[in-house]
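Trainee: Could you walk me through reading strand pairing and burial in a model like this one? I would like the general idea, then the case at hand.

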Amino acid sequence: AFHVDYWDRLGWKDPFATPAYTARQYSLLSEGGRKGAYTPNFIIAGNEWKGFFKGYSIESGVDTFAKDAIGNLKIEYQGSNAQHKIKAVFSPDKGFIVDKNKPLVLSVAPLGMGLKSNVKGGENRNKQLHHEFVALDWQKIPMTLENNHWIATLNLAKNAHKEQAQAISAWVSSENSLVPIQAVGGYIK
């Protein structure tokens with residue numbers, strides 16, 4: 001969940017929202033040919049999914065937009081008191097076209113679980129909201145091609161909410177796109 005800040009004007013600032021997450025939502029929607037942003041807005045494999053509003057499970061959305069496997073993305077995670085260190089290796093299948101002039105980009109988001117926020121204004125005034133899988137940060141770096149494997153290492157400092165990370169999500173996309181090519185995630189042990 002990338003919390004957006006366009007609802008801040010209602011008198012309550014979401015502590016997990018950032019302008020970068022709002023820009024990300026607008027960019028993803030425009031890549032899909034849509035202009036309107038709203039919450040909750042589910043995007044699965046780069047596609048807007050509205051099944052939530054009809055009571056469908058997230059799994060049904062994943063099944064709808066599932067694509068044939070195009071490779072394997074693995075991450076190694078090491079955490080210390082000061083930082084998250086992530087090493088990613090994307091091994092594309094033989095059918096995936098590798099273009100050395102169009103590098104891939106690794107995105108990483110540490111995720112918070114069991115988070116709470118006390119709402120001071122707006123439609124949820126005086127309620128306590130509970131949040132799962134909240135993006136606490138989002139960093140992108142270019143990957144390098146080595147022996148038909150795309151590789152990247154990223155260090156994220158543990159500050160602000162990042163010390164609360166209990167899971168990690170990582171995905172690979174093209175240089176000028178936010179649509180994931182391959183993604184992986186899991187709980188931090």
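This is a predicted model: local features need pLDDT of at least 70, side-chain atom pairs count only at pLDDT 80 or more; totals for chains, interfaces and linings use all residues.

Trainee: In which sense do β6 and β7 pair, and over how many bridges?

Mentor: Strands are DSSP runs of E with at least two residues, helices are runs of H or I with at least four, and both are numbered from the N terminus. Two strands pair if DSSP finds at least two bridges between them. Here β6 and β7 (residues 128–131) are antiparallel, with four bridges.

Trainee: Which residues of β6 are on its covered face, and which on the uncovered one?

Mentor: In a regular strand, side chains alternate between the two faces of the sheet. In β6 (residues 115–118), Leu-115 and Ser-117 form the covered face, while Lys-116 and Asn-118 form the uncovered one.

Trainee: Now burial: is Val-105 buried or exposed?

Mentor: Buried means under 20% relative accessible area, exposed over 50%, and partly exposed in between, using a 1.4 Å probe and protein chains only. Val-105, in strand β5, is buried because its relative accessibility is 12%. A contact means heavy atoms within 4.5 Å. Not counting residues up to four places away in sequence, Val-105 touches several residues, including Ile-141, Met-143, Trp-171 and Ser-174.

Trainee: And where is Lys-102 found?

Mentor: Lys-102 sits in the loop between β4 (83–92) and β5 (104–112). With 57% relative accessibility, Lys-102 counts as exposed. The C-alpha atoms of Lys-102 and Ser-174 are 7.3 Å apart, although 72 residues separate them along the chain.

Trainee: How many helices and strands does the whole chain have?

Mentor: The protein chain has two helices and 13 strands, and buried residues make up 36% of its 189 residues. Among contacts with a separation of 6 or more, 56% join residues 24 or more positions apart.

Trainee: What does the radius of gyration tell us?

Mentor: The radius is taken over C-alpha atoms, and the globule rule is 2.2 Å times the number of residues to the power 0.38. For 189 residues a compact globule would be near 16 Å, so the 17 Å of this chain agrees.

Definitions and conventions
Residues are numbered from 1 along each chain as its sequence is written. Side-chain values use heavy atoms; hydrogens and water are left out.
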